Amino acid sequence: MRTKPDESYPVEVVETDAPLGAEIRGIDLSQPLSESSSSIIRQALIDHCVVVFRGQNLSEQNQLDFTKLFGKPEVHRRAQSGDKLPGIFIVSNVTENGQAIGSLGHGEIGFHSDLAYMPLPGSISTLYAVEIPQQGGATSWASGYAAYDALDAATQRRLAGKRVSHRHTTEELNPAVTTEHPAVCTHPETGRKTLFVTPLFSRKIRGDDLSQPDADALLERLTAHAVEDRFLYQHTWREGDLVVWDNRCTMHRREPIDAQARRLMKRTQILSTSPPSE
Ligand code: OGA
Ligand code: MN
């Protein structure tokens, strides 16, 4: 279903039952956005960390224009062949003539924050659903704010000054030097503290008063805590969904997809302009 141009009827922000996520209704992202719609969207992303738009019909240019609300779309580090606009990255399990048309395949993708292993990690990401299988491939987001807030006060104090190293699981994708970020980061726009550990990328936690066995146990505990069900919003995709999220206060995970089923998504990415800070 196509929505009408955004001026013609009221825009609604509908929260999920989860500690993060909201759906915005009444905006057609293929049309130029009014000032008021733009500020509702920006505020919703700040308040809810993950924002869903259903029933969109977007060109690559529409998706890039939408992404520019939040900063400058980056060309992804992993090159892809195929005919598409720079800044668009294909996430798909589809193969044509024996060649994958996109990246990330059909397997499960464990909880991560985009590009956490880079000195300037991803800030905002958008994902637009072009083809969605009947089953599988749901994406869940975890709130880093809720995870931090739920830690006991002693653990919150213990995490002050601790740093976590992050590596991509594919060695070639890592920068030459291992990247470290604070275990607890302060979001640059909200000033809220968020737990920044990811099961997929975080390798070690380090701090002056931590022995190696204590550090290993602490990281294991934190990565399990960060993805408890109570901190999650799970999104079941429909074709025409556009989801935008803030990687600075969330992680996400994708369920596996049947290798035979077609799933095709288009992706944009903005990078942080300064390293995460405590
Ligand atoms: C991504 C990603 C998950 C999905 O594009 O960064 O993790 O559901 N995608 O495709
Ligand atoms: Mn991702």
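Q: Which residues surround ligand 1 here?
A: In this predicted model, ligand 1 is surrounded by V91, L104, H112, D114, L127, T139, H252, R254, R263 and R267.

Q: How does that shell divide by class?
A: The shell around ligand 1 has four charged residues, along with three nonpolar and three polar ones.

Q: How much of the ligand's accessible area does the protein cover?
A: On its own, ligand 1 has 290 Å² of accessible area, and the protein covers 98% of that.

Q: Changing topic: how many cavities of 30 Å³ or more does a search of the whole structure find?
A: The search finds one. About 70 Å³ of space lies in the largest cavity.

Q: What lines it, then?
A: The lining of the largest cavity consists of 16 residues, and those nearest its centre are G144, L195, C249, T250 and M251. Two or more lining residues come from each of these elements: β10 (139-143), α3 (144-149), β14 (193-195) and β18 (250-254).

Q: What classes do those lining residues fall into?
A: Eight of the residues lining the largest cavity are nonpolar, seven are polar and one is charged.

Q: What about salt bridges, how many are there?
A: A search of the whole structure finds 18 salt bridges. One of them joins the side chains of E108 and R253, with 3.0 Å from N to O.

Q: Where in the chain do E108 and R253 sit?
A: E108 is in the loop between β7 (103-104) and β8 (109-112), whereas R253 is in strand β18. The pair links distant parts of the chain, 145 residues apart.

Conventions: Residues are numbered from 1 along each chain as its sequence is written. Chains are lettered from A and ligands numbered from 1 in the order in which they are written. This is a predicted model: local features need pLDDT of at least 70, side-chain atom pairs count only at pLDDT 80 or more; totals for chains, interfaces and linings use all residues. Side-chain values use heavy atoms; hydrogens and water are left out. A residue is near a molecule or strand if one of its heavy atoms lies within 4 Å of it. Accessible areas come from the Shrake-Rupley method with a 1.4 Å probe; for residues, only the protein chains shown count as cover. Ala, Val, Leu, Ile, Met, Phe, Trp, Tyr, Cys and Pro count as nonpolar, Asp, Glu, Lys and Arg as charged, and the others, Gly among them, as polar. On a 1 Å grid over the protein atoms alone, a cavity is a set of points where a 1.4 Å probe fits but cannot get out, and a pocket is an open set with protein on both sides within 12 Å along at least five of seven lines; lining residues have an atom within 4 Å of a point. Grid points are joined across faces, edges and corners, and a volume is the space filled by probe spheres set on the points. Helices (H or I, at least four residues) and strands (E, at least two) are DSSP runs, numbered from the N terminus. A salt bridge is a side-chain nitrogen of Lys or Arg within 4 Å of a carboxyl oxygen of Asp or Glu.
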